[in-house]
Amino acid sequence: MAKQRILIPHRIFGDALALLQEQFDVDYRDTEEFMPQEEFLAALRDVDGLMVYSRHKINADVLAHAPQLKVVSNIAVGYDNLDLAALTARGILATNTPDVLTETTADLTFGLLMAAGRRLAEADRFVKQGQWEGWFPSLMLGKDIHGATMGIIGLGRIGQAVARRGAGFGMNILYHNRSRRPELEQELGVQYASLDELLEQSDYVVVLVPLSAESRHVIGERELGMMKRDALLINAARGAVIDEQALIHALQEGRIAGAGLDVFEQEPVAKDNPLLKMSNVVTLPHIGSASLATRSKMATKAAQNMIAGLTGRKPENLVNPDAWRDN
């Protein structure tokens with residue numbers, strides 16, 4: 001009997017490829033570039049499994065070119081790139097890779113907070129551009145992290161890990177979540193607040209909610225207007241959870257002090273985006289989980305989800321359980 005076929009249209013790390021090749025016929029493209037769309041759609045015609053990063057949008061139009069597809073394994077914790085309704089209607093299993101990237105992403109998030117608060121990127125450019133001609137008391141004055149109030153919007157796995165890091169710096173930590181988490185309040189030493197209270201009281205507002213219809217532009221003009229004028233906004237979730245134009249206006253008008261952004265509404269960010277010209281904004285190229293060890297673990301978990309789905313077992317990280325019931 002012919003082996004089931006999997007398409008991996010981009011480079012992956014670690015042992016994931018070898019795991020899949022033991023059981024399946026794998027069409028693997030060892031490249032970091034996007035496949036041309038026509039080539040990608042043509043390659044889907046005879047595949048049973050598809051493994052992608054979150055930059056690939058898998059919607060009904062794409063699925064129309066994949067009549068045999070049974071599993072889409074996302075190498076990411078977020079899955080807003082997947083049209084779950086379309087996948088479920090076809091009985092196609094969709095999976096993600098939570099847990100393995102939590103600590104690495106939390107490291108990056110807290111590092112971004114520190115970089116924005118203490119003006120690290122700005123100071124680095126200042127030195128490298130030859131502007132440092134002497135020391136003076138007001139040189140690169142930043143905002144303290146220790147003793148400051150951090151407000152976390154979204155107390156999921158990554159939010160909890162960021163809270164632990166903040167506690168290590170003696171921060172006062174507020175959180176807002178879709179549902180209150182009393183068990184975590186005692187464990188992490190965090191305090192629940194309404195969104196408005198969190199925005200009004202926080203020195204650092206950290207956004208870590210997954211992107212959904214409910215969370216799109218959860219931070220907009222109104223919310224930015226409630227923040228302290230010396231507060232900083234940190235986004236390591238998805239770009240569209242913040243209304244980027246509203247953020248640009250708030251920064252241009254000095255209504256908040258600055259921002260640290262790992263994600264943008266359009267990625268890669270447009271070269272003429274005003275955020276790139278603002279010295280009080282730290283901009284990163286969506287590298288929250290970017291360590292070799294973590295990207296390897298993500299690929300391995302994605303491979304394990306794929307193997308389970310294609311061999312008749314329920315994947316551990318199934319995000320559309322209705323598709324499983326329909327199998």
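Is Asp99 buried, partly exposed or exposed? The model is a predicted one, and in it Asp99 counts as partly exposed because its relative accessibility is 40%. Select Asp99 in the loop between strand S5 (93-95) and H5, and look at the backbone, where phi is positive at about 75 degrees although the residue is not a glycine. Most residues other than glycine have a negative phi.

To finish with the backbone, select Glu267 and Pro268, which are joined by a cis peptide bond with omega at about -5 degrees. Pro268 is found in the loop between strand S11 (258-261) and S12. Most peptide bonds are trans.

The next selections concern aromatic rings, for which the count comes to two aromatic pairs. Show Phe110 and Phe169, whose rings form a tilted pair with 5.0 Å from centre to centre and 50 degrees between the planes. This pair links distant parts of the chain, 59 residues apart, with Phe110 in helix H5 (residues 102-117) and Phe169 in the loop between helix H7 (157-168) and strand S7 (172-176). Phe110 is buried, with a relative accessible area of 5%, whereas Phe169 counts as partly exposed at 34% relative accessibility.

Then select Tyr175 and Tyr192, whose ring centres are 5.4 Å apart and whose planes stand at 75 degrees, so the pair is edge-to-face. Because Tyr175 lies in strand S7 and Tyr192 in strand S8 (residues 191-192), the pair ties together parts that are 17 residues apart in sequence. Tyr175 counts as buried at 0% relative accessibility, while Tyr192 is partly exposed, with a relative accessible area of 26%. For another view of a ring, display Arg55 and Phe34: the charged end of Arg55 sits over the ring of Phe34, 4.3 Å from its centre.

Rolling a probe the size of a water molecule over the atoms shows where empty space is left. The second largest pocket has a volume of about 160 Å³, and of the 17 residues that line it, Ala116, Arg119, Leu232, Ala257 and Asn280 are the closest to its centre. H5, helix H6 (120-128) and strand S12 (281-283) each supply at least two residues of this pocket's lining, with the largest share, four residues, coming from H6. Colouring the lining of the second largest pocket by class gives eight nonpolar, five polar and four charged residues.

The last stop is His217, in the loop between strand S9 (204-207) and helix H10 (221-226). His217 counts as partly exposed, at 32% relative accessibility. Leaving aside residues up to four places away in sequence, His217 touches Ala240, Val241, Ile242, Asp243 and Glu265. Draw a C-alpha to C-alpha distance from His217 to Ala240, and the two will be 6.0 Å apart in space while 23 residues apart in sequence.

How values were computed. Residues numbered from 1 in each chain as written. Predicted model: local features only at pLDDT ≥ 70, side-chain atom pairs only at ≥ 80, totals over all residues. Heavy atoms only, no water. Buried < 20%, exposed > 50% of the residue type's maximum accessible area, 1.4 Å probe, protein only. Contact = heavy atoms within 4.5 Å. Phe/Tyr/Trp six-rings, centres within 6.5 Å; stacked < 30°, edge-to-face > 60°. Lys NZ or Arg CZ within 6 Å of the ring centre and 35° of its normal. 1 Å grid on protein atoms, 1.4 Å probe; cavity = no way out; pocket = protein on both sides within 12 Å on 5 of 7 lines; lining within 4 Å. Points joined across faces, edges and corners; volume = space filled by probe spheres on them. Nonpolar A, V, L, I, M, F, W, Y, C, P; charged D, E, K, R; others polar.
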